[in-house]
Amino acid sequence: MIFGHGDDSYLYGNNIKANFSSNCFFEIDNKGLINHLKANIESLISSYPHPQGKEMMETLGEFHSIETNRISIFNGATEAIYTVANLFKDKSSLILCPTFSEYESACKIFNHTIDKSNLVSFIKESGYAFDNYALNSYKSNSKDGEKSEYAYNDEKKYINSNCKIIDEIDVVWLCNPNNPTGTVFPIELLKKIIYCNSDKFFIIDQSYWMFTTKEVLDVKNSFTNVIIINSLTKEFCIPGLRLGYITSCKELIEKIDNLKMPWTVNAIAIEAGKYLLNHNIEIKEKLINLINERNRVIKEISKIDGFECFDSDTHFFLCKSEKIKVEELKNILANKYGILIRNAENFGENCKSMFRIAVLDEEKNSMLIEAINEIAATFK
């Protein structure tokens with residue numbers, strides 16, 4: 001495990017009024033869920049659930065219109081990541097960066113040979129023009145338009161213009177939409193790369209698929225070399241319950257299930273997942289407001305001397321602090337203003353001096369902008 005995840009509000013007691021560090025969907029009203037769990041708590045805690053969470057798998061199957069033998073549920077997406085890494089023990093993995101640290105951590109535990117490729121460089125090497133994607137923001141929103149820190153060129157080329165990945169790679173890890181950049185991999189290119197590399201396996205973490213208007217890979221895809229990781233934590237704002245799942249072809253799911261312990265997902269989490277999926281809580285209709293607020297916050301923070309922001313395809317994005325150390329900025333915001341941001345420096349060397357923001361409502365977003373303005377004025 002690599003330490004340094006978001007939402008560390010526990011470090012600041014009850015001081016946090018606005019939490020921008022967690023990229024869960026903040027507008028979800030879970031009162032209905034809470035009341036449902038209260039009404040059923042006695043039966044939930046007094047009996048074992050199905051060892052593999054059969055009822056949850058059936059609900060997910062109906063939700064995605066796929067067979068249950070193409071689904072496996074987990075105690076959060078992170079357990080899924082480590083189980084998949086175990087499936088490919090001793091293999092060679094390519095991780096597209098900057099990204100979620102647990103891919104690398106899981107690969108290390110299961111003795112993978114690890115290579116890393118910059119996300120922007122990887123796409124450019126394939127010859128793809130992605131002008132309408134936020135990944136093209138290597139030009140960034142800085143006032144002088146200079147190249148962003150996370151768009152460097154790889155010394156080693158991992159893919160050619162025919163979309164063939166080098167022979168020594170067995171497994172490719174992609175977060176899509178990506179954490180922490182909020183960017184989406186071009187869907188046409190992704191499908192082509194998967195098709196052209198049938199000898200390799202693609203682990204695609206789509207935990208943030210509900211937070212973008214861009215197309216991502218459909219879980220009903222027919223690829224036999226793709227494993228899609230998903231999470232109910234982010235879209236339904238239930239991080240404390242830990243509930244994630246994998247979709248893939250039935251042959252890979254069978255192999256994955258053989259590596260799992262029974263009862264990794266408890267009865268309360270299973271019941272919560274069933275309730276949320278069956279009650280059709282609509283997120284997409286609220287997404288446009290989030291995207292509009294994201295655009296406003298990026299624009300306003302980019303005006304502040306010593307700060308620049310990078311485009312995103314989701315509700316969260318990266319900022320760079322050029323004059324104030326990120327950890328110092330984070331502590332001032334938390335202790336003085338009750339505002340929490342995500343220090344993004346542990347996402348890799350190319351995220352140095354960066355922090356991540358997941359936008360909230362207009363009032364709290366304005367609080368953040370005003371606070372950064374005030375802090376920046378004291379460091380001139």
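Helices (H or I, at least four residues) and strands (E, at least two) are taken here as DSSP runs, numbered from the N terminus. The structure is a predicted model, so local features need pLDDT of at least 70 and side-chain atom pairs count only at pLDDT 80 or more, while totals for chains, interfaces and linings use all residues. Residues are numbered from 1 along each chain as its sequence is written, and side-chain values use heavy atoms, with hydrogens and water left out.

Most residues other than glycine have a negative phi, and most peptide bonds are trans. Against that background, Asn179 and Pro180 are joined by a cis peptide bond with omega at about 25°, and Pro180 sits in the loop between β5 (171-175) and α6 (187-196). Another cis peptide bond links Cys97 to Pro98, with omega about 0°; Pro98 belongs to the loop between β3 (92-97) and α4 (102-109).

Positive phi values turn up in loops too. Cys163, with phi near 70°, is in the loop between α5 (119-125) and β5. Its relative accessible area is 2%, so Cys163 is buried (buried means under 20% relative accessible area, exposed over 50%, partly exposed in between, with a 1.4 Å probe and protein chains only). Trp263 has phi near 60° and lies in the loop between α8 (250-257) and α9 (267-278). At 42% relative accessibility, Trp263 counts as partly exposed.

Now for the charges. The whole structure holds 14 salt bridges (a side-chain nitrogen of Lys or Arg within 4 Å of a carboxyl oxygen of Asp or Glu). One of them pairs Lys191 with Glu215, the closest N and O atoms being 3.9 Å apart. Lys191 lies in helix α6 and Glu215 in the loop between β6 (201-205) and β7 (226-231), so this pair ties together parts that are 24 residues apart in sequence. Both ends are partly exposed, Lys191 at 36% relative accessibility and Glu215 at 46%.

Other salt bridges stay inside a helix. In helix α10 (residues 284-302), Arg296 and Glu293 are three residues apart, about one turn of the helix, and their side chains meet at 3.0 Å, N to O. Arg296 is partly exposed at 25% relative accessibility, whereas Glu293 is buried at 12%. Salt bridges that share partners also join Glu55, Glu271 and Lys274 into one network.

Thr59 touches Lys274, Leu277 and Asn278, not counting residues up to four places away in sequence (contact means heavy atoms within 4.5 Å). With a relative accessible area of 9%, Thr59 is buried.

Asn350 is another buried residue, at 8% relative accessibility, and it is placed in the loop between β12 (342-343) and β13 (354-358). Its C-alpha atom is separated by 27 Å from that of Asp90, which is 260 residues away along the chain.
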